Amino acid sequence: MDEEHSFRDSITTVNEKGGRNWLYPIKPKGSYYNKRKVVNAILLICLFIGPFIKVGGQPFFLFNFLERKFILFGVVFWPLDFSLFVLAMITAIVFVVLFTVIFGRIWCGWICPQTIFMEMVFRRIEYWIEGDSRKQKKLNNQQWGTEKIRKKGLKFFAFYLISFLIANVFLAYIIGSDALLEIITDHPKNHVNGLISIFIFSSIFYWVFAWFMEQVCIIACPYGRLQGVMIDKNTIVVAYDYIRGEKRGRLNRKEKERILGDCVDCNQCVEVCPTGIDIRNGTQLECINCTACMDVCDNVMEKTQFPKGLISYTSEKNIKNGETKIFNNRVKAYSLVLSLLVSLLVFFMFNRTAIDTTILRAKGQIYQEQELTVSNLYTFNLVNKTMFKAEVNFKILSHKGEIEYIGPKEIVVNQQDIYKGTMFIYLLTDQLSSVKQELTIGVYKGNELIEEVETNFLGPNKNY
Ligand code: SF4
Ligand code: SF4
């Protein structure tokens, strides 16, 4: 690779010997950082209260992989709705792709929980305990003594405490807030698995935020890896205006008129970068669009009395030709696909049955003959996806016959619940034309027919 692009041969967190290169970014300051603080504080509050909000007794969000129950914005997705859930996920992914094509990695800088926790929580605590970049470096290089033990100990305690809190919230999203509160308040011996899970999650979060840090974005995040295929010259990204900035060079106060570009080569944009890159080399996979370099460069521009915005949200095309074509062919194609997916999703959501019914002949049972009738035994499953209790009954639609429930005569399915039952179906013998009959059963909520379910009915062979 030529010298101009040699920075692409290595990553900033790995040194030439393959060891870890620890980064000590300076503390960002500026208007974008302040706006991010406000946005991130709101998002953190939403994240922490999310699993505790309930609608109709159900959590607003739940991702219970163990029981295959998912709740998004209060809408419950049962295993039977798996295709709908997958469609919702695909729609979300296409939305993120479309958003990225137009606005680049705004998600990473402003919304991603990893960035929010890393830059707005853990990094700020680190600045508070150990001081800014230079002091952190000095502390790490100094011998162990009272000051180092005190600061490192305090940092470990604070980091682990926050990791523990995150682990609890994370678990609440999976098992629900009620189950989490039970683990916390009940006797520990009744919840050994739950407590082990909390400990494991806390340790993983601690490891991520105290040790792995920016490498999540640089190495591990699949979204970051996909940037190369999603962004193009029209995408709005954090970019350095090389037309204005080059040729870079130190500011010479004695000069009457600056003959070089506006970049005074102060290196501040590199020193503030949490992933350690030099944005002046152009758009790079490591850039999480955190805006820290925009702020620091604006501060430098203010001091040097050059116009702000040498590093700004802009597109490559805008830097080069002063124009950005946002609604290009790629964006049009993604928008079309997204519109189709959203339409499909809305259609399926509105046509989703409120109560899903399965009626099956009981396993291993054949028919029983009475004087004038033949009976079959059935098991049935009712899944009530609504927020209301439902009184349900069955009627045979295709034949003359009767239903006898085993157990309660009234079937009441609680909201967001499953009801399992057993019943006999009796058909008059003269109704049976073959050994196996197709049977249609109507599912009624009160007097309203809500679904027709097909099953089969076995009878004697009349040829003998
Ligand atoms: S902060 Fe601005 S002026 Fe300083 S090196 Fe970076 S781009 Fe140049
Ligand atoms: S280059 Fe700028 S926007 Fe990108 S990660 Fe570094 S500081 Fe943040």
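**Sheets, helix packing and ligand shells**

Three strands form an open sheet in the order E3-E4-E5, and their pairing is antiparallel. Strand E3 (62-64) and strand E5 (75-77) lie at the edges with a single partner strand each, so one side of each has no neighbour in the sheet. Direction ignored, neighbouring strands of this sheet are turned against each other by 20° on average. The structure is a predicted model. Within the sheet, E3 is joined to strand E4 (residues 69-72) over 3 bridges in the antiparallel sense. Phenylalanine 63 is placed opposite phenylalanine 70 in E4.

A further open sheet consists of 4 strands, ordered E13-E11-E15-E16, again with antiparallel pairing. Its edges are strand E13 (411-413) and strand E16 (448-458); each has a single partner strand, so one side of each is left without a neighbour in the sheet. From one strand to the next, the twist averages 35°. Strand E11 (residues 390-396) and strand E15 (residues 436-445) run antiparallel and are joined by 5 bridges. Isoleucine 396 faces a residue of E15, standing opposite isoleucine 441. In general, the strands of a sheet pair through backbone hydrogen bonds, in either a parallel or an antiparallel arrangement.

Helix packing was examined for two pairs. Two packed helices are described by the angle between their axes together with the distance between those axes. For helix H6 (residues 146-175) and helix H8 (residues 192-212), the angle is about 125° and the axes are 8 Å apart. H6 is therefore oblique to H8. The crossing in which H6 passes H8 is right-handed. On the H6 side, the contact is made by Phe159, Tyr160, Ser163, Phe164, Ile166, Ala167, Asn168, Phe170 and Leu171, which meet Ser197, Ile198, Phe201, Ser202, Phe205, Tyr206, Phe209 and Ala210 in H8. Sorted by class, this contact of H6 with H8 holds 13 nonpolar and 4 polar residues, with no charged residues.

In the other pair, the axes of helix H1 (residues 31-49) and helix H4 (residues 113-130) come within 11 Å and cross at roughly 115°. H1 passes H4 in a crossing that is left-handed. The residues of H1 that take part are Lys37, Asn40, Leu43, Leu44 and Leu47, and they meet Pro113, Ile116 and Met120 in H4. The contact of H1 with H4 comprises 6 nonpolar, 1 polar and 1 charged residues.

Ligand 2 is surrounded by 14 residues, and the closest are Cys273, Ile279, Cys287, Cys290 and Cys293. The shell around ligand 2 is made up of 11 nonpolar and 3 polar residues, with no charged residues.

Methods
Residues are numbered from 1 along each chain as its sequence is written. Chains are lettered from A and ligands numbered from 1 in the order in which they are written. This is a predicted model: local features need pLDDT of at least 70, side-chain atom pairs count only at pLDDT 80 or more; totals for chains, interfaces and linings use all residues. A residue is near a molecule or strand if its C-beta atom, placed from the backbone, lies within 6 Å of it. Ala, Val, Leu, Ile, Met, Phe, Trp, Tyr, Cys and Pro count as nonpolar, Asp, Glu, Lys and Arg as charged, and the others, Gly among them, as polar. Axes are lines fitted to C-alpha atoms, for helices over the stretch in contact, and angles run from 0 to 180 degrees between N-to-C directions. Helices (H or I, at least four residues) and strands (E, at least two) are DSSP runs, numbered from the N terminus. A crossing is left-handed if the near helix is turned anticlockwise from the far one by less than a right angle, and right-handed if clockwise. Two residues are in contact if their C-beta atoms, placed from the backbone, lie within 7 Å. Angles under 35 degrees count as roughly parallel, over 145 as roughly antiparallel, 65 to 115 as roughly perpendicular and the rest as oblique. Two strands pair if DSSP finds at least two bridges between them.
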